[in-house]
Amino acid sequence: MTGTAPRPPRRSALLRATTAAAVAVPLCTAGWFGWRALDHSGPAGATAAPAASAPAASSPTADPASAPPAPTATDQPGTADPGAPADGTAAPLTPPVAPPPSTTPAAEAPSAPADAAVLTGRTVLLDPGHNPGNSAHTAEINRQVDIGNARKECDTTGTETNAGYTEAEYTLDVSRRARALLAARGATVVLVQDGDRPWGPCVDERARAGADAHADVAVSVHGDGGPASGSGFHVIMPARVVAGKADNAAIVAPSRRLGLLLRDRFHAATGEPYADYIAKDGLDTRSDLGGLNLSTVPKVFIECGNMRNSTDAKRMTDPQWRQQAARGIADALTAFLTTQEKTEER
Ligand SMILES: [Zn+2]
């Protein structure tokens with residue numbers, strides 16, 4: 001989850017303890033058995049129109065005041081924003097996955113996601129929210145980092161299902177699946193973390209990772225920790241933030257285009273409804289997330305579902321559903337990268 005400003009930070013200590021216990025078990029191994037690099041049905045999902053409504057009329061600025069406090073919100077207040085602690089600043093990004101060498105560049109790259117070389121020459125940054133090891137490094141992740149218009153925690157532990165499947169495990173698994181799909185389409189894919197570091201990185205480092213990787217676009221993957229009665233997914237787009245070291249003005253419009261594509265493609269691929277407890281028509285716009293405030297490449301967050309809700313938790317725990325989720329993300333990124341010249345943001 002990305003911890004909204006309005007959500008109270010209460011219970012965080014207890015939650016960290018709970019999460020720590022859960023994470024002590026297997027780390028991110030569950031998803032691997034379903035791992036496959038094949039894109040079974042890319043075009044089908046990609047062409048399906050979103051069942052629901054038109055793009056939300058989202059306000060250009062974050063709405064900390066309008067969102068009601070989530071009584072059962074589990075995550076820490078702060079969110080997915082990373083900041084960089086002194087000792088973790090130079091952690092290298094995970095090496096990019098090279099596109100399949102056998103693919104030949106397509107002269108006219110159509111937008112069909114299944115085309116092998118459609119993304120040749122493009123670089124995608126995937127940001128798996130949190131880190132399975134964060135719960136064991138609370139001192140490091142609680143450090144405050146500068147996100148331009150505020151200071152926030154370096155990173156948070158994230159939420160988890162009642163059964164103890166953590167958000168960090170989920171986000172890493174889905175990101176790896178999406179990486180495989182995108183690499184198969186020719187893209188160079190960089191993960192902010194690949195289970196290869198003990199904690200973090202902080203939100204500001206996550207934000208910088210897009211530029212560091214020379215990425216064309218970035219998506220941060222999350223699962224929410226909302227009220228148990230609420231379900232559905234939503235996409236978070238950046239509000240314009242020009243404050244302190246933050247200036248994301250240049251990415252607001254393209255990120256909105258990405259957000260709309262992601263909302264539609266994720267919905268088509270998974271059948272997951274738009275969140276009924278937060279956002280509007282599956283879309284939100286926020287100015288309190290370092291990962292968006294400080295990004296200089298188009299970027300959005302997706303809260304794939306509410307891990308505190310039993311229906312969503314069942315889906316998110318299912319490797320097959322996670323593959324669909326990954327396909328929705330990969331399809332949206334593919335559409336973004338293959339149509340941006342034609343479909344310019346208003
Ligand atoms: Zn999260």
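Helices here are DSSP runs of H or I with at least four residues, numbered from the N terminus. Thr171 counts as buried, because its relative accessibility is 0%; buried means under 20% relative accessible area, with a 1.4 Å probe and protein chains only.

Before you click on, a word about the model: it is predicted, so local features need pLDDT of at least 70 and side-chain atom pairs count only at pLDDT 80 or more, while totals for chains, interfaces and linings use all residues. Residues are numbered from 1 along each chain as its sequence is written, and side-chain values use heavy atoms, with hydrogens and water left out.

Next, select residues 249-270, which is helix α6. Its 22 residues reach 31 Å from first C-alpha to last, close to the 32 Å expected at 1.5 Å a residue; that expected span is 1.5 Å times one less than the number of residues. Look for a bend of about 30° at Ser255, taken as the angle between axes fitted to the seven residues ending there and the seven starting there. Colour α6 by accessibility and it comes out mostly covered, with 16 of the 22 residues buried. Then step just past α6 to Gly271, where phi is positive, about 75°.

Now bring up helix α8, residues 310-317, together with α9. The two pack at an angle of about 85°, with axes 5 Å apart; axes are lines fitted to C-alpha atoms over the stretch in contact, and angles run from 0 to 180 degrees between N-to-C directions. That makes α8 roughly perpendicular to α9, a label for angles of 65 to 115 degrees. On the α8 side, pick Arg315, Met316 and Thr317; on the α9 side, Pro319, Trp321 and Arg322.

Draw a C-alpha distance from Gln323 to Leu181: 9.6 Å in space, 142 residues apart in sequence.

Conventions:
Buried means under 20% relative accessible area, exposed over 50%, partly exposed in between (1.4 Å probe, protein chains only). Angles under 35 degrees count as roughly parallel, over 145 as roughly antiparallel, 65 to 115 as roughly perpendicular and the rest as oblique. Contact means heavy atoms within 4.5 Å.
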